[in-house]
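Subject: Two-chain model, handover and findings

Hi,

Here is the model we talked about. Please open it alongside this note, and read on for what turned up.

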Amino acid sequence: MAKTILIVDDSASVRQVVGIALKGAGYDVIEGRDGQDALTKLTGQKVHLIVSDVNMPNMDGITFVKNVKAMPAYRFTPVIMLTTESQEGKKREGQAAGAKAWVVKPFQPAMLLAAVEKLVLP
Amino acid sequence: MAIQESNMNLNLKLNPTNAQLLAAPAVGVLGGVACLAVSTASLAGAVCAVALVGGGAAAGWVAVKARQSKDEALRLYFMGHRAFSADVAPVWSGQIEASRSQMEDAIAALSERFGGIVQKLGQMLSESGSGGGATSDAAAAALYADSQQQLQAVVASLRDAMQSKAQMLDKVQGLQIFVGELHEMADGVSRLAQQTNLLAINAAIEAAHAGESGRGFSQVAQEVRALSRASGETGRLIASKTGAIRTAIDEVRSVAEVTRSQEQQVVAVSETRIRDVLAQFQGLTGSLADSAAFLRDESAGIQAEVNDALVQLQFQDRVSQVLAHVRDNITRMPDVMQDHCDACERDGDLQPLEAAGLLKELEATYAMASERDIHKGPADGKAAAPAPQNEITFF
């Protein structure tokens, strides 16, 4: 059975690129337009990994990760932050929230896939 | 920076004080009193005092009018500033948002189409990919080998049949020897019959010489002659039949020779045609395999190109963020202008309009290093740092 990955980004084109890369590698993909939307998508879903943007409307990525980590069912779900933000301070915020990796856009799908393969839950 | 400095010089009081407004009338009154005192209340002194007081009052009235006019001008000025930013900012931000939104929709649609292309190419490659291609090549090779084997078996069967026929003909040919022996034996029978007949004739002659006593012997001689004639006839009949058999065998042999030659030609032609057909089949499967491999390579190349195009389309995300930051900053402009005008009116001063606050707010929204670099301005003529590529950090 294919593993499921949640993509959270307010940019449809980024969701598209990430989705193509992950589907091509055999993963099932669900999408959220922002942190708030993504939290509703998590309910009742078995998610093996989350790829999230940082700067989003309604709920930013850092707040979203904090919310995810507060949910018992997803406490151990690995999160990769995928963002244009490259400041060390922001990275530390992401780490403190519970993210496992920080990928700066623009990204090569192969590189993101390598990070996913490394972190995805068995 | 030059603009800020010039603004500092424009830090002027908006309105003259009441003391300034009363200065002219006060000077007039004081002048009039002084005139009266100096002229010891003469008529000329009184006229002069009235003129000075009147002049002072007129100057005060003019000053008040000027102040009212200036107040009105400033009110209109601030109103213009507020209206300007309130009118312009929504249009600017609206245009930016419309462009950002259109670009995002267009790029999303483009990405979706590219995504569809990549998916279809992926499906095609997985179905006829490297593994599938090898399987088809192997299947074609197996089909070729099987066809070759079966057709060669047909040719071998024909050759076996020809061989059996040749062996049978050899055996038929071998019968000619026995037929020849039979013929010789028939000749022998005929010769024996002839000799027997001669003996019987001699015996009859001798019996005749013997007279009455040889009569019985004469009858025996006649019987022997009859038997020898019958034997001679049988010998000739056998010789005739063996001759017919020999002729028949020769005819069969000559016909068989003709058909064997034809069959050899047929087999040779069949072999050649089978070889040609197999060669064509092999060529066809080979060219099909080559075409399939070429198509696979081309499809993989196109897929890689489209994937690369999708990666490049990520610029939309970056541009969209920059435009959103500028849009949000522009929407803040009316409030900033309002605050500025309120401060000027409250303090009674023409304050310089500072960009620092708005720029600081804009800077706080930046997400990319390139935005910060542009904000700082070109340093030593260096261009802004390019966007980082493939930057990944594991925690």
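Which pattern does chain B follow when read along the sequence? The answer is α-α-α-α-α-α-α-α-α-β. That makes nine helices and one strand. Bear in mind throughout that this is a predicted model.

Chain B

Buried residues make up 10% of the 395 residues in chain B. Take the contacts in chain B with a separation of 6 or more: 80% of them link residues 24 or more positions apart.

Look next at helix α3 of chain B, residues 43-127. Several residues of α3(B) are buried, among them A49(B), L52(B) and G56(B). Further along, the buried set includes S85(B), A89(B) and S93(B). It also includes E104(B), I107(B), F114(B) and V118(B).

Strands of chain A

Start with β1(A), residues 4-8. Four of its five residues are buried, so the strand is mostly covered. β1(A) pairs with β2(A), residues 28-32, in the parallel sense over five bridges. In that pairing, T4(A) stands opposite D28(A). β1(A) also runs parallel to β3(A), and four bridges join them. There, L6(A) has I50(A) as its bridge partner. With α1(A) between them in the unit, β1(A) and β2(A) form a right-handed β-α-β arrangement.

Where the chains meet

How many residues of chain A are in contact with chain B? There are 27, and they touch 30 residues of chain B. On the chain A side, α1, α4 (88-97), β5 (101-104) and α5 (109-119) each supply at least two residues. α1(A) gives the most, with seven. By type, the chain A side divides into 14 nonpolar, nine polar and four charged residues.

β5(A) pairs with β1(B), residues 392-394, in the antiparallel sense over three bridges. V103(A) stands opposite I392(B) in this pairing.

The nonpolar core

The largest nonpolar core has 41 residues. I80(A) and V103(A) have the most contacts inside it. Helix α1 of chain A, residues 12-24, gives the most to this core, with six residues.

What does V103(A) touch, leaving aside its neighbours within four places in sequence? Its contacts are I80(A), M81(A), L82(A), L112(A), A115(A) and I392(B). Note that I392(B) is also the residue opposite V103(A) in the strand pairing.

Two backbone details

Most residues other than glycine have a negative phi, and most peptide bonds are trans. Two places in chain A deserve a look on that account.

P106(A) is found in the loop between β5 and α5 of chain A.

N58(A) is found in the loop between β3 (49-52) and α3 (61-69) of chain A.

Best wishes

Notes: Residues are numbered from 1 along each chain as its sequence is written. Chains are lettered from A and ligands numbered from 1 in the order in which they are written. This is a predicted model: local features need pLDDT of at least 70, side-chain atom pairs count only at pLDDT 80 or more; totals for chains, interfaces and linings use all residues. A residue is buried if 20 or more other C-beta atoms lie within 10 Å of its own, exposed if 12 or fewer, and partly exposed in between; C-beta atoms are placed from the backbone. Two residues are in contact if their C-beta atoms, placed from the backbone, lie within 7 Å. A nonpolar core is a set of buried Ala, Val, Leu, Ile, Met, Phe, Trp, Tyr and Cys residues joined through C-beta atoms within 7 Å. Two strands pair if DSSP finds at least two bridges between them. A crossover is right-handed if, with the strands pointing away from the viewer, the path from the first strand over the helix to the second runs clockwise. Ala, Val, Leu, Ile, Met, Phe, Trp, Tyr, Cys and Pro count as nonpolar, Asp, Glu, Lys and Arg as charged, and the others, Gly among them, as polar. The expected span of a helix is 1.5 Å times one less than its number of residues.
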